[in-house]
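Hi,

Here is the structure I promised to pass on.

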Amino acid sequence: MDGFRFDLSAPHIVVPVRITGMQRVRWVNLVLDTGSTSTVIDELVAFRLGYNLESAPTVSVTTVSGTSQASIIVARQIFALGMTVDEFPVLVMPLPTQLRADGLLGLDFLRRRNLFCNFEKGILLTLPSSRGFLHRLAIFAQIFPAL
Amino acid sequence: MDETRPEPIEQIRQRYEGEWLLIKVTSHDENGLPKEGILLGHFPDRKAAWEATEFVDGEVYVLFAGPTIPEGWEAVLHGWFSL
């Protein structure tokens, strides 16, 4: 079980994420976003990680305000919320300057573990997926004292 | 750029509230997250901070010291994609 504290007064839940790119390793702050199907980073971040966006494949992205295009890169490794994932696809698009984070941590990353969020205490827990009754019981025994 | 001894990242954030920070990570907490670091620079915007990373190797943390959106703003980030 991995537990994290987040700022209750902040407008978003911000998650520090370590991204290993083509050339460099960088820590960035991503907004936890269960409404986003994919993890997204800003164009400048991808460029500084060593990716050439001109040769990257693109996809259409739908948001509440319309559609746009995003490039796809493959991060060599991503570490966040106690999870390490190798060869992880990430969407790249320009983010608004008003957003003071470098991207979104989307469902494609979050659904790899179970996520428990306590908005009263500002605690986020991630747990491995439960396989059977006893395993589930053991997990709940860990969750309740922490929450 | 400022080059000093390692200090808690939270302490650096409080000192430069409202700016983008470039920090060289020197230690991690029990969850593997950046705990202490050396401030390499502080910038008015994301672009300037990321441009400065070009000259820095190793484990570097780029972050904004403050809320993720300006006061008075709301954010709607929902999105999905199709191939």
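**Where the two chains meet**

Trp27(A) has Tyr61(B), in β4(B), as its bridge partner. The strands behind that bridge are β3(A) and β4(B), the latter covering residues 60–64 of chain B, and they pair in the parallel sense over 3 bridges. To be clear on terms, two strands pair if DSSP finds at least two bridges between them. Helices (H or I, at least four residues) and strands (E, at least two) are DSSP runs, numbered from the N terminus.

Before you go further: this is a predicted model, where local features need pLDDT of at least 70, side-chain atom pairs count only at pLDDT 80 or more, and totals for chains, interfaces and linings use all residues. Residues are numbered from 1 along each chain as its sequence is written, while chains are lettered from A and ligands numbered from 1 in the order in which they are written.

On confidence, the model scores ipTM 0.87 and pTM 0.88. For chain B the average pLDDT (the predictor's confidence in each residue, from 0 to 100) is 88, and 87% of the residues score at least 70.

Back to the interface. In total, 38 residues of chain A are in contact with 32 residues of chain B; contact here means that the C-beta atoms, placed from the backbone, lie within 7 Å. On the chain A side, β1 (2–5), β2 (14–20), β3 (25–32), α1 (43–48), β5 (58–63) and β6 (66–80) each supply at least two residues. The most come from β3(A), with 6 residues. Sorted by class, that side of chain A has 20 nonpolar, 12 polar and 6 charged residues. The classes are simple: Ala, Val, Leu, Ile, Met, Phe, Trp, Tyr, Cys and Pro count as nonpolar, Asp, Glu, Lys and Arg as charged, and the others, Gly among them, as polar.

**Chain A**

There are 3 helices and 10 strands in this chain, running β-β-β-β-α-β-β-β-β-α-β-β-α from the N terminus on. Its C-alpha atoms fill a box of roughly 50 × 30 × 25 Å along the principal axes.

Two of the strands, β5(A) and β6(A), form a hairpin with 2 residues between them. They pair in the antiparallel sense over 6 bridges, and Ser60(A) stands opposite Gln69(A) in β6(A).

Which residues touch the most other members of the largest nonpolar core? Of its 51 residues, they are Val15(A), Leu105(A), Ile23(B) and Val62(B). Such a core is a set of buried Ala, Val, Leu, Ile, Met, Phe, Trp, Tyr and Cys residues joined through C-beta atoms within 7 Å. Leaving out residues up to four places away in sequence, Val15(A) touches Leu30(A), Leu32(A), Ala80(A), Leu81(A) and Leu105(A).

**Chain B**

This chain has 2 helices and 5 strands, in the pattern β-α-β-β-α-β-β. Buried residues make up 31% of its 83 residues. Among its contacts with a separation of 6 or more, 58% are between residues 24 or more positions apart.

One residue to look up is Glu51(B), in helix α2 (residues 46–52). Glu51(B) is partly exposed because 15 other C-beta atoms lie within 10 Å.

Cheers

Definitions and conventions: Buried ≥ 20, exposed ≤ 12 C-beta atoms within 10 Å, placed from the backbone. Contact = placed C-beta atoms within 7 Å.
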